[in-house]
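Please consult the sequence and the structure shown below while reading.

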Amino acid sequence: MTPDPKLPVEEDVSVPAQPASAERINATVLDSTSTQPLQLWLHRTSVFLFVLISAVAGVLLVILPWTPEWTDNYLLLSYPWLRTLISTGFFRGLCSGLGLLDIWIGFWEALHYHEHQ
């Protein structure tokens with residue numbers, strides 16, 4: 001006789017719950033310790049990529065506004081008011097300041113990196 005799949009499953013209360021065996025506990029501990037080095041390397045890699053991207057973006061923001069390519073590009077040909085705005089010294093200095101800030105944040109993160117125990 002097969003049970004009806006629409007009816008709720010009844011638990012057998014005559015069998016007492018068994019405590020977790022030592023093998024299952026050890027396997028769980030080994031699984032959690034084996035993922036720890038992976039998480040550590042993923043954290044290290046993410047910090048490295050953050051520092052690298054911050055440094056590169058910062059250097060680009062410091063240098064690029066003072067080059068001719070900043071205003072003489074294809075994207076700004078149809079927007080002369082925007083070309084006038086970004087060619088001002090204030091806007092160029094603002095972008096360079098953001099670049100310096102970006103570089104500082106990246107190196108601050110690299111210098112204050114620590115691994116959690």
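## The nonpolar surface patch

Helix α3 gives the most to the nonpolar patch, namely 7 residues. The model under discussion is a predicted one. In this model, α3 covers residues 89–111, and both α1 and α3 supply at least two residues of the patch each.

The patch lies on the surface and is formed by Phe-50, Leu-61, Phe-90, Leu-94, Leu-98, Leu-101, Trp-104, Ile-105 and Trp-108. Together, these residues have about 920 Å² of accessible area.

## Ile-105, a member of the patch

Ile-105 is part of helix α3 and is one of the residues that form the nonpolar patch. Is Ile-105 buried, partly exposed or exposed? Its relative accessible area is 34%. Because this value falls between the limits of 20% and 50%, Ile-105 counts as partly exposed.

## Ser-54, a buried position

Ser-54 is found in helix α1, which comprises residues 22–63. The relative accessible area of Ser-54 is 5%. Since buried means under 20%, Ser-54 is therefore classed as buried.

Which residues does Ser-54 touch, if those up to four places away in sequence are not counted? The contacts of Ser-54 are then Asp-102, Ile-103 and Gly-106.

## Aromatic rings

How many aromatic pairs does the structure hold? The number of aromatic pairs in the structure is 0. A charged residue does, however, sit over a ring: Arg-44 lies over the face of Trp-41, at 4.4 Å from the ring centre.

Key
Residues are numbered from 1 along each chain as its sequence is written. This is a predicted model: local features need pLDDT of at least 70, side-chain atom pairs count only at pLDDT 80 or more; totals for chains, interfaces and linings use all residues. Side-chain values use heavy atoms; hydrogens and water are left out. Helices (H or I, at least four residues) and strands (E, at least two) are DSSP runs, numbered from the N terminus. Buried means under 20% relative accessible area, exposed over 50%, partly exposed in between (1.4 Å probe, protein chains only). Contact means heavy atoms within 4.5 Å. Patches are made of residues with over 30% relative accessible area and no salt bridge: like charges are joined within 9 Å, nonpolar side chains (Val, Leu, Ile, Met, Phe, Trp, Tyr) within 5 Å. Accessible areas come from the Shrake-Rupley method with a 1.4 Å probe; for residues, only the protein chains shown count as cover. A salt bridge is a side-chain nitrogen of Lys or Arg within 4 Å of a carboxyl oxygen of Asp or Glu. Rings of Phe, Tyr and Trp (its six-membered ring) pair if their centres lie within 6.5 Å; planes under 30 degrees apart count as stacked, over 60 as edge-to-face and the rest as tilted. A charge sits over a ring if NZ of Lys or CZ of Arg is within 6 Å of the ring centre and within 35 degrees of the ring normal.
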